[in-house]
Amino acid sequence: QSVLTQPPSVSAAPGQKVTISCSGSSSNIGNNFVSWYQQIPGTAPKLLIYDNNKRPSGIPDRFSGSKSGTSATLGITGLQTGDEADYFCGGWDTSLSASVFGGGTKLTVL
Amino acid sequence: QVQLVQSGAEVKKPGASVTVSCKASGYTFTSFGISWVRQAPGQGLEWMGWVSSYKDKTNYAQKVQDRVTMTTDPSTSTAYMELRSLRSDDTAVYYCARDGKYSSGLGLDYWGQGALVTVTS
């Protein structure tokens, strides 16, 4: 069981928008920053969002992050077939004194 | 450009130990820490711990804290992760990733290519 909870899968058509949720508690999302990662099968994860809503250099603005209370959301607009991947949320858990991840969400672009 | 290059795949017997290395380049090694994250086949990401690159400081996940040692060698910009008393459920791809200088938790911005460790009798 992951500390952060994500839906196992989401899907949408090319060009559409999709959101992926990440639910936690006051010991993690509620009081710490959230980051998001994209992992294409067979490759290492890639940082998409850090500090809840900041994009590293080179990440297109089609990807966005937000946080409210103990939940966070990753948004992807203008979906492309190349966006098919697993997406993970992550952050610090103060009670565990550990970094934690969600279980991952598989995005299918139909 | 920032790169983290890990050592190769390993096959180990139950009860043995494995050491995975992670050589960093393209940035000042002592300005960032290193986290180790593993991923069992078909599973999600599991954070194993964080090691400082400028000070003798570590933070291990409770699940592996009795069996893991993470170190760094600033003279070669290399981080190491040793896992002892291997079990079959330690079979996974092990990643190193650049993390915060003083602690983990703010985002892992660069990752190594991963090293597959297979534990089998």
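Visitor: Which residues does B:Ser52 touch, not counting residues up to four places away in sequence?
Guide: In this predicted model, B:Ser52 sits in the loop between strand S5 (46-51) and strand S6 (58-60) of chain B. Leaving out residues up to four places away in sequence, its contacts are B:Lys57, B:Thr72 and B:Lys101.

Visitor: Is B:Ser52 buried or exposed?
Guide: Buried means under 20% relative accessible area. The relative accessible area of B:Ser52 is 1%, so B:Ser52 counts as buried.

Visitor: What area do chain A and chain B bury between them?
Guide: The contact involves 18 residues of chain A and 16 residues of chain B. Of the area buried, 64% is on carbon and sulfur atoms. The total is about 1,400 Å².

Visitor: Which residues of chain A lose the most area to chain B?
Guide: Together they make up 34% of what that side buries. They are A:Pro45, A:Ser99 and A:Phe101.

Visitor: How many residue pairs are in polar contact between chain A and chain B?
Guide: Salt bridges between the two chains number 0. For polar contact, with both residues at pLDDT 80 or more, the count of residue pairs is 7.

Conventions. Residues are numbered from 1 along each chain as its sequence is written. Chains are lettered from A and ligands numbered from 1 in the order in which they are written. This is a predicted model: local features need pLDDT of at least 70, side-chain atom pairs count only at pLDDT 80 or more; totals for chains, interfaces and linings use all residues. Side-chain values use heavy atoms; hydrogens and water are left out. Helices (H or I, at least four residues) and strands (E, at least two) are DSSP runs, numbered from the N terminus. Buried means under 20% relative accessible area, exposed over 50%, partly exposed in between (1.4 Å probe, protein chains only). Contact means heavy atoms within 4.5 Å. Buried area is the accessible area (1.4 Å probe) that two parts lose on being put together, summed over both. A salt bridge is a side-chain nitrogen of Lys or Arg within 4 Å of a carboxyl oxygen of Asp or Glu. A polar contact is a pair of N or O atoms within 3.5 Å; within protein, one must be able to donate a hydrogen and the other to accept it, and residues adjacent in sequence count only if both atoms are side-chain atoms.
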